Amino acid sequence: MSRDPLLQPYQLKHLTLKNRIMTTSHEPAYPVDGMPTERYRAYHEERARAGVALTMTAGSAVVSRDSPPAFNNVLAYKDEVVPWMAELTDACHAHGCAVMIQLTHLGRRTGWSKGDWLPSVAPSHHREPAHRAFPKQLEDFDIARIVSDYADAAERMQKAGLDGIELQAYGHLIEQFWSPLTNTMDAPYGGELENRMRFGMEVLDAIRARVGPDFIVGLRYTADETAPGGITEAEGLEIARRLKATGQVDFLNVIRGQIHTDPAMTDVIPVQGMRSAPHLDFAGRIRAEIGLPTFHAARIPDVATARHAISAGLLDMVGMTRAHMADPHIVSKIVAGREADIRPCVGATYCLDRIYQAGEALCIHNPATGRELSLPHVITPSTAPKRAVIVGAGPAGLEAARVAAERGHDVTVFEAAKDPGGQVRLCAQSRRRSEMIGIIDWRMAQCAARDVTFQFGTLAEAEDITRLDPDVVVIATGGLPDITVLDEGADLAISAWDILTGDARPGENVLIYDDAGDHPALMAAEAITAAGGRVEIMTRDRSFAPEIMGMNLVPYMRSLQGNGAEFTVTRTLKGLRRAGNMIEARIGTDYSPLEEVRQYDQVIVNQGTIPLSDLYFDLKPLSRNNGALREAAVVAGSGPLFETIRPEGGFDLYRIGDAVSSRNIHAAIHDALRAGVQW
């Protein structure tokens with residue numbers, strides 16, 4: 001048996017977990033009409049097949065109709081959830097993986113204009129800033145009904161064959177009762193701690209009465225809200241003692257902080273540039289003090305940290321949830337002695353930010369996650385090896401090279417720069433976002449292990465490509481900044497890249513006109529304010545930086561607000577003119593004829609990129625397929641990928657990533673993977 005602490009079994013009540021690694025509850029937003037259908041099952045089964053000991057599904061499954069899904073949650077209040085959960089459970093059990101589900105009532109953490117349009121309910125009328133709905137304060141009959149709903153949902157999960165359930169307290173209804181910040185009720189459900197805990201205790205009693213003493217029931221809760229007037233560490237410990245004293249709680253999953261705003265959420269679930277595992281030692285103190293089996297997850301992105309959590313006795317089960325979105329095969333790679341092959345979680349939190357903007361969870365650099373039914377995590381070798389040429393060593397080109405090499409093709413990569421990475425390398429120059437280079441480093445290591453040939457510092461021309469007599473050519477040359485949005489004076493503007501590369505020095509009074517809403521504008525703003533400049537960030541949209549999304553916006557705001565940056569929405573930069581040593585900016589709005597003129601010493605326009613595609617068009621008339629992909633085959637993942645338009649052509653050709661259009665890292669890597677696995 002392995003001596004690795006992570007690979008030791010753990011006995012939880014009657015259940016033997018085969019190792020100490022789990023994925024904690026999270027809602028990837030894959031359900032269909034609230035049901036965890038085939039896609040949802042495939043997502044969890046992939047991790048089970050790869051060796052994870054426990055998969056905690058849902059984040060969270062809602063138990064009542066007046067807890068409508070905030071982001072496409074599983075509807076645990078419907079009887080039809082049972083066969084779907086049974087199918088998922090059986091699939092994971094077949095690989096020796098235990099299955100649980102997190103159940104909740106969201107309370108105020110949702111909105112009334114969803115689901116059945118019932119009022120949200122909570123132990124106060126105070127709205128949660130993140131979801132904005134003003135709840136109805138609960139009445140006695142509401143409480144009785146919801147307690148019964150919890151028991152009904154738990155019974156459904158037991159019937160589906162799950163190994164247990166986890167009650168979600170933190171930030172949700174149970175904890176809204178517990179916290180003095182969100183409970184304004186009178187006795188018997190408000191006031192002293194005993195009263196505030198009454199609702200949660202009634203839920204536990206009702207569940208145990210329905211499922212019996214053997215079914216595993218745990219609870220995820222905040223042991224310290226870290227907020228004035230909220231649950232303190234001392235009170236959090238007392239809550240845990242009282243839960244343990246009931247004899248009805250089999251494990252605790254420990255959280256520290258609040259989730260009612262984007263900044264609060266980001267402190268609970270840190271993004272890149274923030275400290276890894278910030279609450280791990282705190283969870284260890286709870287375990288030592290209370291003695292219940294203790295789980296925890298909060299930016300534990302790497303095996304070394306997870307191993308420390310177990311070997312130091314801080315946790316009984318360690319959650320590596322975002323890490324498993326980046327690489328669902330972490331456990332199997334540990335077992336095989338291939339830890340160096342684990343695709344790193346770079347902390348970009350593209351996964352969670354998409355969910356909180358009503359999207360589905362996707363990993364920024366593993367496009368197979370969530371697409372297990374159509375894209376592979378393990379590349380199948382080709383039966384017909386080819387000679388492939390990739391132009392560009394950014395994320396798209398390196399993914400194309402990795403996939404082609406794993407398919408068994410002979411691969412050569414041309415890159416004009418002296419180093420790989422493209423825009424990712426530019427991004428990683430920010431100390432706070434330096435982890436992004438892991439996207440590049442991992443692919444370079446995978447390519448090196450498969451003998452991919454690289455030619456750096458080479459601005460490839462058509463003759464360089466054809467000289468190699470390729471079968472397939474992939475153009476991944478990316479794009480260059482576009483500042484053509486202005487009616488006049490575009491030559492007076494610079495791009496955000498100019499600041500980030502150091503090609504332009506930061507000004508003292510700077511306007512950043514952000515027409516793309518993505519990272520470069522705010523990265524440039526950080527660089528300028530750090531140099532002592534004053535920055536105004538302007539957008540024509542009604543909110544700024546929509547492509548960055550909530551959690552990733554938090555560190556930018558903390559930096560920029562602290563340095564006096566100003567934010568202007570619903571204003572359009574029309575044109576620029578020289579005015580002595582200053583630049584005169586003509587500013588309007590899409591909403592009215594209003595115009596005004598302001599002066600700055602530097603103007604930056606962030607408008608995405610335009611494709612760097614000259615080489616593609618040079619090669620197009622030499623190709624068999626004239627550069628075209630069969631769109632249906634690309635989407636379906638099967639069928640002939642290339643159409644022979646010019647039989648005399650020497651190779652098949654296509655382009656990916658920003659060489660097609662300005663998008664993002666995930667789109668570029670997705671392009672490369674889904675086409676690459678088909679030739």
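Before anything else, the model is a predicted one. Every value I give is computed from it.

I start with the aromatic rings. The count of aromatic pairs comes to 12. One of them joins Phe454 and Phe456, with ring centres 5.4 Å apart and planes at 0 degrees. Planes under 30 degrees apart count as stacked, so this pair is stacked. How accessible are the two partners? Phe454 has a relative accessible area of 21%, which makes Phe454 partly exposed. Phe456 is also partly exposed, at 29%.

A pair with another geometry is Tyr616 and Phe617. Here the ring centres lie 5.0 Å apart and the planes stand at 80 degrees. The cut-off for edge-to-face is over 60 degrees, so Tyr616 and Phe617 are an edge-to-face pair. Is Tyr616 buried or exposed? Tyr616 is buried, with 5% relative accessible area. Phe617, on the other hand, is partly exposed at 43%.

Arg655 lies over the face of the Tyr616 ring, at 4.4 Å from the ring centre.

Next, two single residues. Ala151 lies in helix H3, which covers residues 140-159. Its relative accessible area is 1%, so Ala151 is buried. Which residues does Ala151 touch, leaving aside its neighbours within four places in sequence? The contacts are Ala206, Ile207 and Arg210. Asp205 is 54 residues away from Ala151 along the chain, and the C-alpha atoms of the two are separated by 8.8 Å.

The second residue is Ser382. Ser382 sits in a loop, between helix H13 at 350-356 and strand S13 at 387-391. Ser382 has 15% relative accessibility and the limit for buried is under 20%, so Ser382 counts as buried. Its side chain reaches the backbone nitrogen of Ala384 at 3.0 Å. Once neighbours within four places in sequence are left out, Ser382 is in contact with Arg407 and His409. How far is Ser382 from Asp316 in space? The C-alpha atoms are 43 Å apart, and the two residues are 66 apart in sequence.

Last, the empty spaces. Rolling a probe the size of a water molecule over the atoms shows where empty space is left. The second largest pocket has a volume of about 670 Å³. How many residues line the second largest pocket? There are 27 of them, and Ala130, Asp262, Tyr356, Gln357 and Gly550 lie nearest its centre. Helices H8 (262-268), H13 and H20 (550-562) each give at least two residues to this lining. The largest share comes from H20, with 6 residues.

As for cavities, the count is 4 of 30 Å³ or more. The largest cavity holds about 520 Å³ of space. Its lining has 36 residues, of which Ser25, His26, Arg220, Ile269 and Leu352 lie nearest the centre. Strand S4 (54-62), H8, helix H11 (321-326) and H13 each supply at least two residues of the lining of the largest cavity. If you compare the two lists, H8 and H13 also supply residues to the lining of the second largest pocket.

That is all I have.

Methods:
Residues numbered from 1 in each chain as written. Predicted model: local features only at pLDDT ≥ 70, side-chain atom pairs only at ≥ 80, totals over all residues. Heavy atoms only, no water. Phe/Tyr/Trp six-rings, centres within 6.5 Å; stacked < 30°, edge-to-face > 60°. Buried < 20%, exposed > 50% of the residue type's maximum accessible area, 1.4 Å probe, protein only. Lys NZ or Arg CZ within 6 Å of the ring centre and 35° of its normal. Helix = DSSP H or I, 4+ residues; strand = E, 2+ residues; numbered from the N terminus. Polar contact = N/O pair within 3.5 Å; in protein donor to acceptor, adjacent residues only side chain to side chain. Contact = heavy atoms within 4.5 Å. 1 Å grid on protein atoms, 1.4 Å probe; cavity = no way out; pocket = protein on both sides within 12 Å on 5 of 7 lines; lining within 4 Å. Points joined across faces, edges and corners; volume = space filled by probe spheres on them.
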